[in-house]
Amino acid sequence: MIAIYPGSFDPITLGHLDLINRSSILFDQIIVAVLKNPNKKPLFTIEKRIQQIKDCTKNISNVEVDSFSGLTVEYAKMKQAGVLLRGLRVMSDFEQELQMAHINKTLENKIETIFLATNTELSFISSSVVKEIAKFGGSVEHLVTPNIAQDLYSINNYSCP
Ligand code: PNS
């Protein structure tokens with residue numbers, strides 16, 4: 001079974017990575033799919049985010065990294081995937097994620113959304129928090145991989161705190 005893990009990944013965090021690691025055991029193939037979203041102003045370009053994800057998943061043989069635009073279910077159908085993967089960190093995630101799962105189900109009944117609970121120790125991490133900490137000069141080494149921490153430090157023009 002092929003599973004799509006869609007998201008913005010701006011940037012990918014240790015929480016995302018944990019979910020990719022754990023789901024790679026459950027599915028034949030995981031496609032990490034970065035949404036090209038014209039409504040958002042990302043910190044990192046699509047190309048950079050793809051490269052960051054490829055770098056930190058290079059040791060997981062059944063992970064592919066791609067980008068897409070438009071509806072996630074249409075992309076999943078094109079890739080012949082049966083599952084959309086999403087992580088749940090806290091209760092407040094659930095409301096929006098459940099709505100998204102219902103919407104996707106009405107759009108394509110054959111594709112299931114499967115939620116994985118985020119590792120407890122990583123459940124406070126979000127890409128937005130990572131960007132905010134880095135912007136104000138704080139350390140993000142415990143939140144993202146070393147390469148991505150470097151990317152954040154260089155975008156914000158300071159060296160590792
Ligand atoms: O990492 P994010 O920003 O929480 O990911 C959200 C994402 C990309 C999964 C969601 O916005 C999405 O699937 N967008 C594509 C458009 C779509 O399919 N919309 C219908 C479901 S709401």
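## Close-up views of a predicted model

**View 1. A cis bond in the loop around proline 11.**
Proline 11 sits in the loop between strand S1 (2-7) and helix H1 (14-26). Helices here are DSSP runs of H or I with at least four residues, strands are runs of E with at least two, and both are numbered from the N terminus. This is a predicted model, in which local features need pLDDT of at least 70 and side-chain atom pairs count only at pLDDT 80 or more, while totals for chains, interfaces and linings use all residues. Residues are numbered from 1 along each chain as its sequence is written, and side-chain values use heavy atoms, with hydrogens and water left out. The peptide bond that leads from aspartate 10 to proline 11 is cis, and its omega is near 0°. As background, most peptide bonds are trans, and most residues other than glycine have a negative phi.

**View 2. Two residues with a positive phi, phenylalanine 9 and glutamine 80.**
Phenylalanine 9 is not a glycine, yet its phi is positive, about 50°. Look for phenylalanine 9 in the loop between S1 and H1. Glutamine 80 also is not a glycine and has a positive phi, of about 55°; this residue belongs to the loop between helix H3 (72-78) and strand S4 (83-88). Are these two residues buried or exposed? Phenylalanine 9 counts as buried because its relative accessibility is 3%, whereas glutamine 80 is exposed, at 69% relative accessible area. Buried stands for under 20% relative accessible area, exposed for over 50%, and partly exposed for values in between (1.4 Å probe, protein chains only).

**View 3. A nonpolar patch on the surface.**
Here you can find Leu71, Ile103 and Leu107, which together have about 250 Å² of accessible area. Such areas come from the Shrake-Rupley method with a 1.4 Å probe, and for residues only the protein chains shown count as cover. A patch takes in residues with over 30% relative accessible area and no salt bridge; nonpolar side chains (Val, Leu, Ile, Met, Phe, Trp, Tyr) are joined within 5 Å, and like charges within 9 Å. Leucine 107 is part of helix H4 (residues 91-107). At 40% relative accessibility, leucine 107 is partly exposed.

**View 4. The largest pocket and its lining.**
How much space lies in the largest pocket? About 1200 Å³. The lining has 44 residues, and the closest to the pocket centre are Gly7, Ser8, Lys40, Arg86 and Glu97. Two or more lining residues come from each of S1, H1, helix H2 (46-57), S4, H4 and helix H5 (127-135). H4 gives the most, with 10 residues. By type, the lining divides into 16 nonpolar, 18 polar and 10 charged residues. Nonpolar covers Ala, Val, Leu, Ile, Met, Phe, Trp, Tyr, Cys and Pro; charged covers Asp, Glu, Lys and Arg; the others, Gly among them, are polar. A pocket is found on a 1 Å grid over the protein atoms alone, as an open set of points with protein on both sides within 12 Å along at least five of seven lines, and lining residues have an atom within 4 Å of a point; a cavity would be a set of points where a 1.4 Å probe fits but cannot get out. Grid points are joined across faces, edges and corners, and the volume is the space filled by probe spheres set on them.

**View 5. Salt bridges.**
The structure holds 10 salt bridges, each one a side-chain nitrogen of Lys or Arg within 4 Å of a carboxyl oxygen of Asp or Glu. In one of them, aspartate 151 meets lysine 48 (3.5 Å, N to O). This pair links distant parts of the chain, with aspartate 151 in helix H6 and lysine 48 in helix H2, 103 residues apart. Aspartate 151 is buried, at 16% relative accessibility, and lysine 48 is partly exposed, at 24%.

Another salt bridge joins glutamate 108 and lysine 77 (3.3 Å, N to O). Glutamate 108 lies in the loop between H4 and strand S5 (112-117) and lysine 77 in helix H3, so the pair ties together parts that are 31 residues apart in sequence. Glutamate 108 is buried, with 13% relative accessibility, while lysine 77 is partly exposed, with 38%.

Aspartate 93 and arginine 89 also form a salt bridge, and their closest N and O atoms are 2.9 Å apart. Elsewhere, salt bridges with shared partners join Glu64, Asp66 and Lys79 into one network.
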